[in-house]
Amino acid sequence: REYVAPSTPTEQKLAELWTKFLQVEQIGIHDNFFEIGGHSLLAMQMIAQVQSDFQISLEVRNLFDDPTLGGLAQMIEQAERIDGPAKPEIVALSRSARRKRD
């Protein structure tokens, strides 16, 4: 396969993660996570990092469905459109806790 560099911000950020987890220097959008050294444990760790970095809901199964960088980037972008931006958690404080904060 011909190397195609990541071009979108999502592809570029995802390529950085794959580089970190797989310790591979050059990753293209057609590269397959499992063919370049990934395995199920790394997949779980990487998906957890993707969820944290992109603030989306994604499952390990998604990586098995399309293990290419380009395919996963599209899933991330779709999840971002569905989930929207991350919202800060709102925590109710009791009156005594509020007094202690002031």
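The legends below describe close-up views of a predicted model.

The model is predicted, so that local features need pLDDT of at least 70 and side-chain atom pairs count only at pLDDT 80 or more, while totals for chains, interfaces and linings use all residues. Residues are numbered from 1 along each chain as its sequence is written, and side-chain values use heavy atoms, with hydrogens and water left out.

**View 1. The protein chain has five helices and zero strands.** Helices (H or I, at least four residues) and strands (E, at least two) are DSSP runs numbered from the N terminus, and along the sequence the protein chain follows the pattern α-α-α-α-α. Of the 102 residues in the protein chain, 34% are buried, where buried means under 20% relative accessible area, exposed over 50% and partly exposed in between, with a 1.4 Å probe and protein chains only. Among contacts in the protein chain with a separation of 6 or more, 55% come from residues 24 or more positions apart; contact means heavy atoms within 4.5 Å.

**View 2. Helix H1 (residues 9–22) crosses helix H4 (residues 69–83).** The two axes come within 9 Å and cross at roughly 120 degrees, the axes being lines fitted to C-alpha atoms, for helices over the stretch in contact, with angles from 0 to 180 degrees between N-to-C directions. H1 and H4 are therefore oblique to each other: angles under 35 degrees count as roughly parallel, over 145 as roughly antiparallel, 65 to 115 as roughly perpendicular and the rest as oblique. On the H1 side, Thr-10, Glu-11, Leu-14, Ala-15 and Trp-18 meet Leu-69, Gly-70, Leu-72, Ala-73, Ile-76, Glu-77 and Glu-80 in H4. By class, this contact of H1 with H4 has seven nonpolar, two polar and three charged residues, with Ala, Val, Leu, Ile, Met, Phe, Trp, Tyr, Cys and Pro counted as nonpolar, Asp, Glu, Lys and Arg as charged, and the others, Gly among them, as polar.

**View 3. Trp-18, Phe-33, Phe-34 and Phe-64 form one aromatic cluster.** Rings of Phe, Tyr and Trp (its six-membered ring) pair if their centres lie within 6.5 Å, and planes under 30 degrees apart count as stacked, over 60 as edge-to-face and the rest as tilted. By this rule the count comes to three aromatic pairs. The rings of Trp-18 and Phe-33 have centres 5.3 Å apart and planes at 70 degrees, so this pair is edge-to-face; Trp-18 lies in helix H1 and Phe-33 in the loop between H1 and helix H2 (40–54), 15 residues apart. The rings of Phe-33 and Phe-34, with centres 5.2 Å apart and planes at 85 degrees, are likewise edge-to-face. Phe-33 is buried, with a relative accessible area of 0%, whereas Phe-34 at 25% relative accessibility counts as partly exposed.

**View 4. Pro-67 is in the loop between helix H3 (60–65) and H4.** With a relative accessible area of 14%, Pro-67 is buried. Leaving aside residues up to four places away in sequence, Pro-67 touches Trp-18, Asp-31, Asn-32, Phe-33 and Phe-34. The C-alpha atoms of Pro-67 and Asn-32 are separated by 5.2 Å, although these residues are 35 residues apart along the chain.

View 5. Gln-23 lies in the loop between H1 and H2 and, at 72% relative accessibility, counts as exposed. Gln-55 is in the loop between H2 and H3 and, at 43% relative accessibility, counts as partly exposed.
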